[in-house]
Amino acid sequence: MCYNIAAMAKYIVENSGPLFGEVTISGAKNAALPILAATVLTDGVCEINEVPRLKDIDVMCRILRSLGAAVEEDWENHSITVDGSGINVSEVPYDLVKLMRASIFVMGPLLARLGKASIAQPGGCAIGSRPIDLHAKGLRLLGARVAIDDGMVNASVDRLKGTLVYLDFPSVGATENIMMAATLAGGVTTIENAAEEPEIVDLASFLNKMGARIKGAGTDTIKIEGVKKLHGTRHAVIPDRIETGTFMVAAAITRGNVLIKNCLPDHVRPVIAKLIECGAVVQDELDGLRVRGDVNRLVATSIKTLPYPGFPTDMQAPFMALLTTVSGESTVIETVFENRFMHAAELSRMGANIRVDGSVAKVPGDKRPLVGAPVMATDLRAGAALVLAGLVAKGTTEVSEIYHVERGYEGFVEKLSALGAKIRLVED
Ligand code: EPZ
């Protein structure tokens, strides 16, 4: 599948009034990516369902094919089948890694399967330097030699050996890479201060279906008892909690009434709590979560991003857009990434007048309506935030660099339009 959005494409967003109707959430990008990487661990066949159709998924499929896997994409059914029997290449070139830093997820599986891996060092991005020192620390503790030469991360090992790995920060990617590698290590591996995100739990459940022996995923201590071999299996990816949160905020910021289907309320507890603090009404209905921004006057709150189960960093930008429209000044504290306020300057171009000081942003409210302006997406969640702001801004908002957004939100324009949003994608 060649899924390309022209680099100069942009969204044209008009003032849209309240969103009404229902939206169905797609599979989680950040679960599907490590799960697809985990298929490298077996020479069997894996069928992954509920996969969102995104550029990042396309890149991961290209990586798997470059390693020798046979990958079939069936987008009628949102299903990808991977036959790992032909995997015999242990190198992922820069031209693929530069498209998606999550390529690093194949390092652990390649080490466990082939005893070696060479991945171009993933670059940073707008939100931070995105180091991989914790990935390297964990794989070294499992016995691998890991060296970074000329921008390539080269790793090799005769046999991975189970051990104790303490993560200095509960890194999602490091937890996933180490957990995947440990499934085929000799002996037991314990990851302490592990990330607890639902995507980790989903990956662990997939690995256990393949015959792995993992306990404790979703807590800060994960135990993996290595096994000799893993076999193919079938798995449906969990719904995307960040897409869920984004549409919840879309309902609130437009003062609308939206039913969000195929979501797991337990995965978005902090977002529910913060929306209720702002005065939105959130009801857990039989076939989804209903979010209403049209019942009460919405008021300021404060949010502080933290590793799960804290408020998700990926929801910080969309939530900040909402906070520019409520009564009173809000405080937003970003503790996970060192540079994730780039959208504040773009929102300020729309009249939001946000003041950033280090990891703290002060968001004056009552900026409703914002003023439509040409703005730029700096990462996928910032792009989503600017679209939400555009829905409630006077006039027209042009959001450029939207390939970021198309990487992380399946059918974003179609889903918003079906709720009454006036948004269209134009390719320059
Ligand atoms: C995952 O990135 C997600 N990506 C991110 O989602 C998400 O924002 C992030 O987790 C936090 O929840 C995928 O799952 C593909 P981390 P990841 O390792 O694994 C530092 C999106 O919007 N760190 O938990 O890269 C790092 O610098 C994306 O979908 C180290 O210091 O995140 C950061 O400050 C954006 N050394 C913090 O940990 C390391 O070796 C959290 O990073 C690794 C990370």
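Q: How do strand β1 and β26 pair?
A: Strand β1 (residues 10-14) and β26 pair in the antiparallel sense, over five bridges. Strands here are DSSP E runs of at least two residues, helices are H or I runs of at least four, and both are numbered from the N terminus. Two strands pair if DSSP finds at least two bridges between them.

Q: Before we go on, what kind of model is this?
A: It's a predicted model: local features need pLDDT of at least 70, side-chain atom pairs count only at pLDDT 80 or more, and totals for chains, interfaces and linings use all residues. Residues are numbered from 1 along each chain as its sequence is written, and side-chain values use heavy atoms, with hydrogens and water left out.

Q: OK, back to the strands. What stands opposite V13?
A: That's I423 in β26.

Q: And what's the strand order in the sheet?
A: The order is β23-β25-β1-β26, in an open sheet of four strands with mixed pairing. β23 and β26 (422-426) are at the edges with a single partner strand each, so one side of each has no neighbour in the sheet. From one strand to the next, the twist averages 25°.

Q: What does α12 touch on the sheet?
A: α12 packs on the sheet and touches β1, β23, β25 (396-400) and β26. Its direction makes about 25° with that of β1. For angles like that, axes are lines fitted to C-alpha atoms (for helices, over the stretch in contact), and the angle runs from 0 to 180 degrees between N-to-C directions.

Q: New topic: which residues are buried in helix α11?
A: In α11 (residues 342-349), H343, A344, E346 and L347 are buried. Buried means under 20% relative accessible area, exposed means over 50%, and partly exposed is in between (1.4 Å probe, protein chains only).

Q: Where do they sit around the axis?
A: They're on the same side of α11, because they cover an arc of only 165°. The arc is that of the directions from the helix axis to the C-beta atoms.

Q: What covers them?
A: The cover includes α10 (316-323), β20 (355-357), β23 (374-376) and α12 (380-391). Contact means heavy atoms within 4.5 Å.

Q: How many aromatic pairs are there?
A: A search of the whole structure finds four. Rings of Phe, Tyr and Trp (its six-membered ring) pair if their centres lie within 6.5 Å; planes under 30 degrees apart are stacked, over 60 edge-to-face, and the rest tilted. One of the pairs is F247 with F412, edge-to-face at 6.1 Å centre to centre and 70° between the planes.

Q: Why does that pair tie together parts that are 165 residues apart in sequence?
A: Because F247 lies in helix α8 (residues 241-253) and F412 in helix α14 (residues 412-418). F247 is buried, with a relative accessible area of 1%, and F412 is buried at 1% too.

Q: Last one: how many residues are in the largest nonpolar core?
A: There are 81, and L41, I57, I80, L160, M179 and L207 touch the most other members. A nonpolar core is a set of buried Ala, Val, Leu, Ile, Met, Phe, Trp, Tyr and Cys residues joined through side-chain atoms within 4.5 Å. Helix α1 (residues 29-38) gives the largest share, seven residues. A second, separate core of 69 residues includes F247, F412, L416 and A421.
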